[in-house]
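Dear colleague,

Please find below the structure for your records. A summary of the findings follows it.

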Amino acid sequence: MSFDGATASPLPVDPCWPAGVQAALAAMPPARAAALRPRLAREFPRLHDRLQRLYGRQPGFDAFLDGVLCQALRCAAEREPALWQLDLDRERQPEWLHAGLLGYCAYVDKFAGSLCGVAQRVPYLQELGVRYLHLLPFLKAGSPPNDGGFAVASFEAVEPALGTQADLPALCRTLRAAGISLCSDFVLNHVSHEHPWAQAALAGDPAYLDYFHWRDSAEAVAAQERHLGQVFPGTAPGNFTWVEARQAWVWTTFYPYQWDLNYANPAVFAEIAAALLKLANQGVEAFRLDSTGYLWKREGSNCLNQPEIHLILQALRALCALAAPGVVLKAEAIMPTRELPPYFGLGPQPGPECQVAYHASLMAAAWLALAEGEASAVREVLRHTPDLPEGCLWLSYVRCHDDIGWNVLRPELSALGSEPVARLARASRHYAGQGPDPRPRGRAFQAADEHAVHGTNGMTLALAGLPPDGRDPEPALARMQLLHALSFFVGGLPLIYMGEELGQDNVGEAELQARQGPDGRELHRPAFDAAAAARRHDPQHLAGRCFAMLRRLQRDRLALLPQGRPVRLRLLPAEAPGLLALARDGVIGLFNFGETACTADLRTLAQGPLQTLDAEGRMLTVDPQQPLTLPGHAALWLRPPAA
Ligand code: GLC
C-alpha cells in the first residue's frame, strides 16, 4: 500500500504558494529552489489542509501558514550539503529503512558519559551491527529530577553535562560516516517548568500562558480528572499541578514539572516544528516523538489518541518531507494495537505520518506468553496488527527504559475471552517473583487503582530469572534469546536496549537509593558495564554469551530474512499451545514459549526442504517430512533454499 501523492506529482501550472514562499525560493541557490518546487507542489496542499483544519478559524491563519512554510524553506536552504545529499538519496530510495537496520537505545550519560563519549563507542556499536542509534533525551533539561531528561528546558541547547553545541553535529557526522543514523528523542508533549515558555507564562505573559492548559478552579480540575487516566499515580498523582504564581492549575500529564503544551495554539505548533527542523539540520536523522498519544486535549474525553494528533503529525511530516525528507518520524504511542494504525497515517484522515511506531503490545504479549508458557496473546496481537504502508515499519523490542506496561493488552485478551485484569496481574506478579516461580527478579511499577495492572520494571535477564549470582544462566539466556528472536523476526526495526547485549543486571539496591527520585524505572537503567564489555568476546562470560547471541540473530536476520520491503507477517497453524509459528516472505519462524519441548509438523507449513543456519553460520538443511522437535524456549527460522 502507498499513499496517494506520496511520490513526486507534476508541478501545478500556477502554484498558489504564499508570497513569502515565492520570495524565499527566489532568494535560494537555483539548484535548491529547483529541488524544492516539486516538494512544495506535493506537500503544500497537504500541509495547508492539515493546518487549516487545526487552526484555520484563528485570526492570522494565512500569516501563520506563511511563517511555518518560510521557516521550513529557510531550514532547507541552510541544510549542509551532506544532509541535502542524504535527503536526495533517501527520496530516490524510500525503501532504505527496510534494509534490515538494527537499533540500539541508550541514555547518553549511562552509555558513554557524554556525546563525545558516544562517538568513541561507535566501533562497539558497529561490532554489534547497529545502524540506528536512539539516544534518550540529551537536550538541556530542567534541574533534577527531570524524568531522565524528559523535561526539556531548551530545544536549542545540548544538556551542558552531556556536551557542547558543537558536539551534536560532530557526533551525527561520526555516526553517519559509520553508517549509523542518530535518532533523537523529541519531547513534544510537554516542556520543563524551567523552559523559557513556562517561565514567561509563570510571569503572566498572556502569549505564553496560552502555550499551556490551565484550570482556574478545583471543580474544573475535578471535572476533567474524571475522564483521565494516570501515568504515574504513585509518584505524580493526578494530571494537574497548582501554580501559586498564577493561582491556577496547569495540565501536567506526567510529573508536575512537565507542563503539557497547548497544541490548539498555532504558535506552539510553529515553535515545535522549528525546533525539530533545526535539530534535523544538526544531523539528527530520526525523531522519537515522545508521548504522541497525549498531544491533543478534548474536554470531557480521556485525551488519548485524539484525531487532531494526526493532523499535527501529518503536518510535521509534510514539513520534514519539504525541508529534510531524509528524516524519519517515529511515534512513541504506547497504546493498544488497534489505536496505532492512525500513527502510520492509516486513520480516517489518511496520509503520510510516522514511518515507525513502537509495537508495545507485541513486546508485552511476548513477555506474557513467556510467563504463561503459551502463545495465545502474541497470536492475538499479531492477528490485529495491520500491514503497513510502503516505507513504514514497526519498532520491535524486548526492553526499553520504561516499564513493561501490561494494560495495552486488554483489548486482545478480552477478544480471547479471558479476564484481562486477572491474567495481566498474574504476569505482573510473576515478573516480580511473587508467583509460583520465585526466580524472576523484576518489580511492580505503580498502578492507578486496584483495577489497573502494575507495570513491570527490570532488565531482561533479571526478569527471565537469572539467579543473582549468575550461576546456571542457561534457562534465562534461552528466554532472552526467544524474545529477541521474535523481535528480530517480526519487526522492521528491532531495538536493543543498552546493557542487554552484555547481560547486565538490575541496578543494585545501594545505587538505587543513591539515585535522585523514587522512580521505580531506575531499576533497569544501569550504567554501561565497561568491564563486562571488555569480556564481550569471551564465550565463557555472560557478556560474551549475550553479545554473541544478538550478533548471531542479526547475522541470521540478514542472511535468512529477505529485506528491502515491508514485512508481511502470516500466522501459521501450530498445535502446541506454546508454539508460535509465523511466516514472512516464505521464511518460517518457530518460537516455543513453553518450558518443555514441542513438536512442529513442518509438512503443514512448507512444501519442500528448508534451510537454517547453525551457530557457526553454516547452512543446514531440514527435511520437512520429519517432525521437528523444538526445545523449550527455543526459536528457529527456516527458509526455502535460495533459488
Ligand atoms: C515517555 C518516555 C518516558 C517518560 C514520558 C514522559 O513515555 O518514554 O520515559 O517518562 O514519556 O516524557
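For the helix pair described first, an axis is a line fitted to C-alpha atoms over the stretch in contact, and angles run from 0 to 180 degrees between N-to-C directions. Please note that this is a predicted model.

The axes of helix α19 (residues 474–490) and helix α22 (residues 542–560) come within 11 Å and cross at roughly 25 degrees. Because angles under 35 degrees count as roughly parallel, α19 is roughly parallel to α22. The crossing of α19 and α22 is right-handed. On the α19 side, the contact involves Glu474, Leu477, Met480, Gln481, His484, Ala485 and Phe488; these meet Leu542, Arg545, Cys546, Met549, Leu550, Leu553, Gln554 and Arg557 of α22. By class, the contact of α19 with α22 has 9 nonpolar, 3 polar and 3 charged residues.

The model also contains a barrel, closed by 8 strands in the order β1-β2-β3-β9-β10-β11-β12-β15 with parallel pairing. Neighbouring strands of this sheet are turned by 25 degrees against each other on average, direction ignored. Leu395 has Leu493 in β15 as its bridge partner.

Helix α15 (residues 376–383) is largely enclosed by the rest of the structure, because 7 of its 8 residues are buried. The buried residues are Ser376, Ala377, Val378, Arg379, Glu380, Val381 and Leu382. They pack against α14 (360–372), α16 (410–415), α17 (420–431), α19, β16 (569–572) and β17 (579–584).

Yours sincerely

How values were computed
Residues numbered from 1 in each chain as written. Predicted model: local features only at pLDDT ≥ 70, side-chain atom pairs only at ≥ 80, totals over all residues. Heavy atoms only, no water. Helix = DSSP H or I, 4+ residues; strand = E, 2+ residues; numbered from the N terminus. Parallel < 35°, antiparallel > 145°, perpendicular 65-115°, else oblique. Left-handed = near helix turned anticlockwise from the far one by under 90°. Contact = heavy atoms within 4.5 Å. Nonpolar A, V, L, I, M, F, W, Y, C, P; charged D, E, K, R; others polar. Pairing = 2+ DSSP bridges. Buried < 20%, exposed > 50% of the residue type's maximum accessible area, 1.4 Å probe, protein only.
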